[in-house]
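I opened the model and its sequence side by side. These are my notes.

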Amino acid sequence: MLTGEAKAGSQSAEASPFCRSTSYWNYLKGARQKGIHTTLDTSGNPFTKKSRSLESSKNLMEYTDLVLLDIKHIDDGQHKILTGQSNQNILEPGRISLGYRKPVWIRHVLVPGRVDEDAYLIRLHDFIATL
């Protein structure tokens with residue numbers, strides 16, 4: 001993927017770039033050195049401010065051009081029902097990306113009856129407005 005004279009970008013949807021930050025960092029660095037636009041496609045999990053994830057995010061952001069953040073549900077309680085986990089660590093990488101002046105694109109799938117209520121969409125809008 002990193003050979004030749006690529007003019008397109010490179011996106012990797014590795015399940016957990018924060019867990020494998022060294023290999024992912026090397027991938028991003030190699031792509032950037034070849035002039036390839038890089039995207040960190042993540043749901044933010046298992047990122048936490050208390051773990052070494054914060055240091056890993058600094059390394060990853062060094063060679064990331066765009067953050068594609070997958071938000072499954074803006075409401076923490078509903079997110080737990082949907083995924084079995086809190087959304088607090090999922091929202092945090094979006095906030096942290098701002099400190100690195102990286103653009104953040106939000107991916108949010110509308111599932112009828114699950115995440116499409118007006119109140120949830122307004123809260124999602126309000127969160128996005130803070131980015």
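I am working with a predicted model, where local features need pLDDT of at least 70, side-chain atom pairs count only at pLDDT 80 or more, and totals for chains, interfaces and linings use all residues. Residues are numbered from 1 along each chain as its sequence is written, and side-chain values use heavy atoms, with hydrogens and water left out.

**Chain.** I found five helices and four strands (DSSP runs, numbered from the N terminus: helices H or I of at least four residues, strands E of at least two). Their order along the sequence is β-α-β-α-β-α-α-β-α. I then looked up burial: 38% of the 131 residues are buried (under 20% relative accessible area; exposed is over 50%, partly exposed in between; 1.4 Å probe, protein chains only).

**Helix H5.** H5 covers residues 118–129. Which of its residues are buried? I noted Tyr120, Leu124 and Phe127. They sit on the same side of H5, because their arc around the axis is only 60° (taken from the directions from the helix axis to the C-beta atoms). The face turned away from that side carries exposed Asp118, Ile122, His125 and Ala129.

**Glu62.** I placed Glu62 in helix H2, residues 53–62. Glu62 counts as partly exposed, because its relative accessibility is 43%. Beyond neighbours within four places in sequence, Glu62 is in contact with Trp25, Arg32 and Lys102 (heavy atoms within 4.5 Å). Lys102 is 40 residues from Glu62 in sequence, and their C-alpha atoms are 9.8 Å apart.

Definitions and conventions:
The expected span of a helix is 1.5 Å times one less than its number of residues.
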